[in-house]
Amino acid sequence: MDVVEEHDIQDKHTKKKTKKPKKQPKPPHENGNDSMIEKTEPEHVDAPAEFSFPPTFSVSEIKNKQRRHLMFMKLKQEKRKAPPKEVPKTIENQRVYDETTVNPEDEEVAFDEGTDEFSAYFNRLTNPKVLITTSDRPRGRTVRFCNQLATVIPDAHVYYRRGLALKKVIPQCIARGFTYLMVINEDRKVPNGMVLCHLPDGPTAHFKVSSVRLRKEMKRRGKDPTEHSPEVILNNFTTRLGHSMGRLFAALFPHDPQFVGRQVATFHNQRDFIFFRFHRYIFKNEKRVGIQELGPRFTLKLRSLQKGTFDSKFGEYEWVLKRHENDVCRRRFNL
């Protein structure tokens with residue numbers, strides 16, 4: 001028993017622990033995983049065939065004459081394609097929007113127009129009658145300007161002032177049935193101002209007059225205007241103040257124009273300047289119209305708008321052009 005036990009003990013000590021060999025990974029095809037092959041292989045996508053040229057390509061290298069001509073025309077058209085033009089910056093499209101712009105169909109505006117000083121004229125209760133006068137001792141150019149204005153405005157009469165004050169002239173105008181008093185002022189023998197007073201209740205507007213050109217100073221002018229009542233065009237009088245100015249100018253002329261005379265008086269408001277032009281038109285055919293300027297022409301700049309008739313001391317002003325407003329206008333519009 002003792003011998004056997006010793007032998008068993010020796011066998012136990014002599015036995016060495018043998019390490020198991022590591023299993024080598026089998027290739028994918030032996031494991032039967034065909035899906036892994038599809039995932040590892042790069043996918044080939046058929047891209048759309050685009051016709052591109054090498055950087056040193058020349059159309060003259062194409063041997064086919066028709067294809068060469070087509071490619072030449074194609075490249076020529078691509079060169080002709082210009083980028084879209086930008087909108088040019090002008091004074092008008094860069095102008096700051098005026099908050100006082102109103103809609104003529106607004107109820108409040110319609111109510112004001114129905115109750116203002118010009119409502120009697122627009123309701124056909126009165127007919128316009130204008131008195132045109134000047135400052136004291138007018139010169140020849142101012143006198144000729146007044147006479148030409150009298151030919152533009154129907155039922156206008158020119159009177160010399162003879163040193164009378166406007167406060168004395170206005171009651172006489174009202175007594176004789178005049179609806180307007182127009183005073184042309186001058187400086188250094190040149191007309192430079194206009195006072196337009198609506199009678200009998202006002203308002204009174206004071207304008208600066210510039211760029212006056214009489215009929216003889218205009219090139220290619222037509223014959224003298226006839227006695228027909230002209231048509232009146234008012235452009236860009238869209239603000240509250242513009243509505244008042246437009247109605248002030250409209251009430252100078254009769255209600256019904258005489259289209260036989262083919263004459264048009266235009267008041268165009270642009271950049272707060274009012275340009276006056278007087279034309280005669282003629283229809284050449286159904287689509288073309290010819291115009292001929294008759295004169296005179298001038299430019300107005302509103303200085304103040306006063307309630308009631310002219311009163312330089314105690315008058316109440318609705319609007320006055322201030323100096324800083326004029327500077328801002330110049331700075332904004334590059335005048």
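Analyst: The second largest pocket has a lining of 13 residues. Nearest its centre lie Leu 131, Tyr 159, Tyr 160, Val 169 and Gln 172. Keep in mind that this is a predicted model. The space in this pocket is about 250 Å³.

Which elements supply at least two residues each to this lining? They are β1, spanning 130-134, and α8, spanning 166-175. The largest share comes from α8, with four residues. By class, the pocket lining holds eight nonpolar residues. Another three are charged, and two are polar.

The whole structure has one cavity of 30 Å³ or more. The volume of the largest cavity is about 80 Å³. What classes of residue line this cavity? The lining has 12 nonpolar residues, with no polar and no charged ones. Two elements, α7 (140-152) and β10 (297-306), each give at least two residues to the cavity lining.

Next, the cysteines. A disulfide is a covalent bond between the sulfur atoms of two cysteines. How many disulfides does a search of the whole structure find? The count is zero. Take Cys 173: its closest cysteine sulfur is in Cys 197, 8.5 Å away, so the pair is too far apart for a bond. The cut-off for a disulfide is 2.5 Å between the sulfurs. Seen from Cys 197, the closest cysteine sulfur is that of Cys 173 at 8.5 Å, again too far for a bond. Are these two cysteines buried or exposed? Cys 173 is buried, at 3% relative accessible area. Cys 197 is buried too, at 2%.

Last, the chain as a whole. The chain contains 10 helices and 11 strands. Of its 335 residues, 32% are buried. Consider contacts with a separation of 6 or more: 63% of them join residues 24 or more positions apart. The chain's accessible surface is about 24900 Å². Carbon and sulfur atoms account for 51% of that surface.

Terms used
Residues numbered from 1 in each chain as written. Predicted model: local features only at pLDDT ≥ 70, side-chain atom pairs only at ≥ 80, totals over all residues. Heavy atoms only, no water. Buried < 20%, exposed > 50% of the residue type's maximum accessible area, 1.4 Å probe, protein only. Contact = heavy atoms within 4.5 Å. Areas by Shrake-Rupley, 256 points an atom, 1.4 Å probe, with all protein chains shown as cover. 1 Å grid on protein atoms, 1.4 Å probe; cavity = no way out; pocket = protein on both sides within 12 Å on 5 of 7 lines; lining within 4 Å. Points joined across faces, edges and corners; volume = space filled by probe spheres on them. Nonpolar A, V, L, I, M, F, W, Y, C, P; charged D, E, K, R; others polar.
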